[in-house]
Amino acid sequence: MPLLEVDNLTVEFATRRGSLRALDRVSFSIEKGEILGVVGESGAGKSLTGAAIVGLLESPGRIASGQIRLDGGRIDNLPPEPLRRIRGRRIGTIFQDPLTTLNPLYTIGRQLIETMQTHARMSDSDARRKAVGWLERVGIPAAAQRIDAYPHEFSGGQRQRVVIALALCAEPALVIADEPTTALDVSVQAQIITLLKDLTRDHGTSVMLVTHDMGVIAETADRVAVMYAGRIAEIGPVAEIIRNPAHPYTDGLMASIPSLEHRVDRLRQIDGAVPRLDAMPDGCRFHPRCPSAFARCTAQQPELMAAGATRAACWLHA
Amino acid sequence: MSQPHRHTMEAVAVSHRFDVSRPWLQRLFNGEPKRFLRAVDDVSFAIPTGTTFALVGESGCGKSTIARLAVGLYEPSDGDILFEDQPLSSARAQPALRRRMNMIFQDPYASLNPRWRVSDIVAEPIRAFRLATRPNEVQARVGSLLAQVGLTLRDGEKYPHEFSGGQRQRISIARALASEPDFLVCDEPTSALDVSVQAQILNLMRDLQQRLGLTYLFISHNLAVVRHMADRLGVMYLGRIVEQGPAETIFRTPRHPYTRLLLDAIPDLEQIGRSRTPVGGEIPSPIAPPPGCAFHPRCKLANDRCRTEKPAHIAVGDVQVACHAVAEGRDS
């Protein structure tokens, strides 16, 4: 049984002009110890999917239909208190900006100790020893002294390490990492990615890695879900998605990324822009920008179907 | 017609310091001296007319400060910036020269006035420099500028908020082109955009360069984007250019340890599932940079000389490198 199953998840926002559907029947699963990359451009619904899983959808957003199951048990319909216990204990979260995740008024030691003691009974001295251990594991130098420092006393890269320690210290089964390296410089980004990969491998943790950076995904993920306009366009093993994309959107996305290896005269571009929530095209949501669209694409919405080694929501593979 | 210039823009030993001292009274009480941040330290480069010179580096390396120096938004503390062989300050005093340089900014959400219609935003430089005065003339110019960046005159009736990020960056480019410049400083022009839109803007910028013979100073932290755009390249670390030369040469055989680190740190699509041993450390504070070579605390090749003596630029083929290890042949 997969650790996480997301089944036809639909998220809607109520507005004065009716409800807007931001996620439309999104389904995927994550196995134990697996890293699933979720990519897509802004507004594709990547972060919203993560927020829905941990029950942090902001009003007026709500889960309109579908199920989210962790270890076979539904977590999408839990009351706030049990959900809060799952969040942190079973599911850890890492967000883009480490400054907004950490409380600036508490030392990082206090935040780590409080997190661990919320989710497991342990003495203060035990918790403190463990906290120092976590800081060492994420590579904070002189952890035993630095544990009493405040977030502002750390650099950006170190803060993100502390956030990772905070997400992992309760030893959750699943970590949702939303753009964990986007705010960091590339040399520091490489350190953080390696750290995240090593730690999750050592602890058998599953990760949902949300990012717009395909390079990060290529290096980190086992499988990839490509999202477009609130739906999954394609999902499959990372090497297949990158080398043999089946969906024209994935194909265009890969070709539009400038390469370090060779220089081309013109980058392939996807013309047009992502449609707005209140003006979704009929049929396949990508058809107005799709170079291979035909009559069926404008009329009927494709569901995920087998397409070589991946699954793609595209009538080319029907 | 004036003589054609070999270099559109040149920086000669330019430095720029910011005063980051605490208020006078506090300094007086604590007996502190003034403190300066050396954002740009002894930087020299020249941009051949009609080509793209790119500056790359991580945050705090001084690349945006150079962008601002290059169009005269800051005055250099030391050294000179030349525009077509004239000092920038005197070039900017002449409207005929001033209109020939312009800037494209990173954030297309912050750089357009939300209360103005797009056609007024694009028409402003035309009116300011009196390139056209009669309303229908101005209108015609705005129409052709919008067409050049892939928009229509009807888009000109709208306000910036009605456009997506990529379209707004097109508007910024149309406005930058309105004064008929030869030299554009582009500070992270695609960093706020999604990759599919980034490709549209980069293609557009290269088309315009070919069609109009533009010279670009292109600033970015994204090496893959730089590789796509640059003819010549400068790699910056803590205010200095540590390596510069033809972009192809540097990408093929990076010399400076920092350039190698940068190229190696980028996650690449072609290396699926790569495991690596990342370089430790972070960029030190530019207020108190390390002595000697600023990169030595993170450099595997550093020795005592690197810790005490600032390396000068040496020529290796057509590339300039500031590294003792390269100079002494310790780098292989």
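1. Two strands are said to pair if DSSP finds at least two bridges between them, and helices (H or I, at least four residues) and strands (E, at least two) are DSSP runs numbered from the N terminus. In chain B, strand 1 (residues 7–19) and strand 2 pair in the antiparallel sense over nine bridges, and B:F18 stands opposite B:L37 in strand 2 of chain B.

2. This is a predicted model, in which local features need pLDDT of at least 70 and side-chain atom pairs count only at pLDDT 80 or more, while totals for chains, interfaces and linings use all residues. Residues are numbered from 1 along each chain as its sequence is written, and chains are lettered from A and ligands numbered from 1 in the order in which they are written.

3. On confidence, pLDDT is the predictor's confidence in each residue, from 0 to 100; the mean for chain B is 90, with 98% of its residues reaching 70 or more. For the complex, the predictor gives an ipTM of 0.82 and a pTM of 0.87.

4. The open sheet of chain B has four strands in the order 2-1-4-5, with antiparallel pairing. Strand 2 (36–48) and strand 5 (86–87) of chain B stand at its edges, each with a single partner strand, so one side of each has no neighbour in the sheet. Helix 2 (residues 63–70) of chain B lies across strand 1, strand 2 and strand 4 (78–83) of that chain, running at about 60 degrees to strand 2; such angles run from 0 to 180 degrees between N-to-C directions, with axes fitted to C-alpha atoms, for helices over the stretch in contact.

5. Chain A also has an open sheet of four strands in the order 2-1-4-5, with antiparallel pairing, and its edge strands are strand 2 (18–30) and strand 5 (73–74). Strand 4 (residues 61–70) and strand 5 of chain A pair over two bridges, and the bridge partner of A:R69 in strand 5 is A:R74.

6. The contact between the chains, where two residues touch if their C-beta atoms, placed from the backbone, lie within 7 Å, takes 34 residues from chain B and 37 residues from chain A. Helix 8 (195–212), helix 9 and helix 11 of chain B each give two or more residues to this side of chain B, and helix 8 gives the most, with seven residues.

7. Helix 11 (residues 257–265) of chain B has buried residues including B:Y258, B:L261 and B:L262, where buried means that 20 or more other C-beta atoms lie within 10 Å of the residue's own. The buried residues of helix 11 pack against elements of both chains, among them helix 8 (186–203) of chain A and helix 10 (247–252) of chain B.

Terms used:
Buried ≥ 20, exposed ≤ 12 C-beta atoms within 10 Å, placed from the backbone.
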